[in-house]
Each structure stands twice: as C-alpha cells, then as structure tokens.
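Thanks for coming. I will talk about the ligand and the spaces in this protein, and I will keep it brief. Please have the structure in view as we go.

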Amino acid sequence: MTTPSDPTDPIAVKQIALVTGASRGIGRQVALDLAAAGRHVFVNYVKNEAAAQETLSAIEEAGGSGEIICFDVADQAQAEAGVKAILEKHKKIEILVNNAGITDDMLMVWMKHENWQRVLDTNLTGFYNVTRLVVKNMIRKRFGRIVNITSTSGQMGQAGQINYSASKAGLIGATKALSREVSSRNITVNAVSPGFIETEMVENLPMEEIAKTIPMKRPGTPREVAAAVTFLCSDQASYITGQVLGVNGGIV
Ligand code: NAP
C-alpha cells in the first residue's frame, strides 16, 4: 500500500490534473490526452457516473492513471469540497481544465430567468467555484496551467443563445483578468474556443446545414479541441497566457 507522499508511489511524481465535465464529449478526450501525456487525471462529472467510469477505464487501458470525482460545478459548496478532497489527498493540482458546460437555447423573448441563471451558474460561476481554491494552491506552488473552454458563441454572439453567449464571453474576460493576477507566479491561464464540435451537446442541431456555413465545411472533433488544450498545458506553452485559441474551422 502506498501513500501520495511515498516516493515509491508512481502517482506522487505525476502532475495532478482536474478536468471538469470529463464523463463525455470534449472533456473525456481532454482527460484521455492529459493522462496519455503522463498526468494523473481527476475525471469530474455531475450525473453520469457510468460514463465517467468509462473515461477512467479508457485512461487505465491506455496505461494511464486517474480517479473519478463527482461534484456540481454550479454548487459552490460541492465544488470546493471536491477540490479540497483532491488537495487533501495529493497536496497539489497543477492543471485545471474548466470544461463543464451546458446550453439551454431559446430566443430572449421566451427565456425565463431560470433558463438564464442555470447556464450562467454552470458555465461562468462554475469557473469561479472550481478555480478559486485551485489557484490558491497553484500560487503557493508557483506553478499552474488553467484552460477554460469557451465558445465561438462567446466571441461572436449566437441568436437563441444569449445566456450561453454571455457565459462564454464572461469566461473570456475572467481568463484574461486571472492571467494578469497570476502570471508572475508561473501560472498560465488561457481559453480554448471551439466552434461546432461533434458531441452530445450539438446532436440535435442540423449539422449538415450548419457545416455549409463553416469555412472548413465540417464540424470539428473532440480530438481537435483536446490537442489545443493539451498543448496549452504543456511545457512548450510556458510563455502563452491570457490568450483565446480558436478551434473552429475558420468561423471566427
Ligand atoms: P457534453 O458532451 O454535453 O458534455 C458535458 C459534460 O459536462 C459532461 O461530462 C457533463 O457531466 C458535464 N457537466 C454538465 N453540467 C455539469 C455540472 N454542473 N457540473 C459538473 N459537470 C457538468 O458537452 P461538450 O460538447 O463536450 O462541451 C464541453 C465544453 O465545450 C462545454 O463547456 C461547452 O460549452 C464547450 N463547447 C462545446 C461545443 C460543441 O460544439 N460541442 C462548442 C463550443 C464550446 P454528466 O455526464 O455527469 O452530465
């Protein structure tokens, strides 16, 4: 039996990564790629434990390591308890990918306050709820990589998505502001901004029609987004901070 402080424990020498919303879609691929690059990855989910377990099994089958962790990023108490549990066990989190996100699309005239609030609570306040304690630990350790998953909707605005567009635009502002607060501590904070990516989030959209409006004439894949995220978490990206990296087939 080993403990995290035990030098013979192979996990103790790894960087610890937390990926929110990693049970499926983009977050799952990010978790797989970070684990393949040698990180011990916490796979966060809120409802779908079986899917989170599938992500972890895929990580382990590929020779990597990780753990699943359930918390609702929109709930401050839950999110902070989740982060504390990781820090109590491993004493550090070097990589944080704020990926958990939802849509609740409708035109503004039909949008109820609860539809607005739910999306803001998850996509924007979720960033605050998860990041505050993580960044405190990164400041103490003088190292960190934070990547926030925003969206072309936050850059351009999208009809039917005032809640989602506002949350993702807010995330870009928060990314830039936090990067200025912590750059001197060797912590980078960047955003990756996907366009239309083939996941459950867009499965009800008319993708053939949408593809005609994309300069590259196709949606992207989770692999293409995860490649940008893992790059920003790597040593090669050590002088990149406060940036928004688009992975959108030319939309923006
Ligand atoms: P997805 O397939 O719908 O997966 C969403 C993930 O987020 C799931 O793992 C889900 O967990 C988790 N999640 C949702 N609410 C949560 C909460 N309150 N707390 C913790 N986890 C929560 O979505 P996706 O397409 O991969 O999107 C991932 C990110 O990319 C989102 O931020 C999204 O806005 C952004 N994005 C997506 C696209 C696209 O075209 N797909 C484009 C631009 C940006 P459970 O399985 O437990 O429910």
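One definition before the counts: Ala, Val, Leu, Ile, Met, Phe, Trp, Tyr, Cys and Pro count as nonpolar, Asp, Glu, Lys and Arg count as charged, and the others, Gly among them, count as polar. Also, please keep in mind that this is a predicted model.

Let me start with the ligand. How many residues surround the ligand? There are 32, and the closest are S23, K47, N99, Y164 and T199. Sorted by class, this shell has 15 nonpolar residues, 12 polar ones and 5 charged ones. Three elements each give at least two residues to the shell: α1, at 25–36, β2, at 40–45, and α6, at 162–182.

Now some individual contacts. Y164 has a polar side-chain atom 2.5 Å from an oxygen atom of the ligand. For R24, a polar side-chain atom is 2.8 Å from a ligand oxygen atom. With G195 the backbone is involved: one of its polar backbone atoms lies 3.3 Å from an oxygen atom of the ligand. As for cover, the ligand taken alone exposes 900 Å², and the protein buries 95% of that.

Next, the pocket. The ligand takes up the space of the largest pocket. The volume of this largest pocket is about 1200 Å³. Its lining consists of 47 residues, and those nearest the centre of the pocket are R24, G101, I102, T103 and M201. Which elements give two or more residues to that lining? They are α1, β2, α4 (113–141), α5 (152–156) and α6. By class, the lining of the largest pocket is made up of 18 nonpolar, 19 polar and 10 charged residues.

Last, the cavity. With a threshold of 30 Å³ or more, the count is 1 cavity. The largest cavity holds about 60 Å³ of space. Which element gives the largest share of its lining? That is α4, with 5 residues. The residues lining the largest cavity include T20, V73, N98, N99 and L171. By class, this lining has 5 nonpolar residues, 6 polar ones and no charged ones. N99 belongs to this lining, and N99 is also one of the residues closest to the ligand.

That is what I have for today.

Note on methods. Residues are numbered from 1 along each chain as its sequence is written. This is a predicted model: local features need pLDDT of at least 70, side-chain atom pairs count only at pLDDT 80 or more; totals for chains, interfaces and linings use all residues. Side-chain values use heavy atoms; hydrogens and water are left out. A residue is near a molecule or strand if one of its heavy atoms lies within 4 Å of it. A polar contact is a pair of N or O atoms within 3.5 Å; within protein, one must be able to donate a hydrogen and the other to accept it, and residues adjacent in sequence count only if both atoms are side-chain atoms. Accessible areas come from the Shrake-Rupley method with a 1.4 Å probe; for residues, only the protein chains shown count as cover. On a 1 Å grid over the protein atoms alone, a cavity is a set of points where a 1.4 Å probe fits but cannot get out, and a pocket is an open set with protein on both sides within 12 Å along at least five of seven lines; lining residues have an atom within 4 Å of a point. A molecule sits in a cavity or pocket if more than half of its atoms lie within 2 Å of its grid points. Helices (H or I, at least four residues) and strands (E, at least two) are DSSP runs, numbered from the N terminus. Grid points are joined across faces, edges and corners, and a volume is the space filled by probe spheres set on the points.
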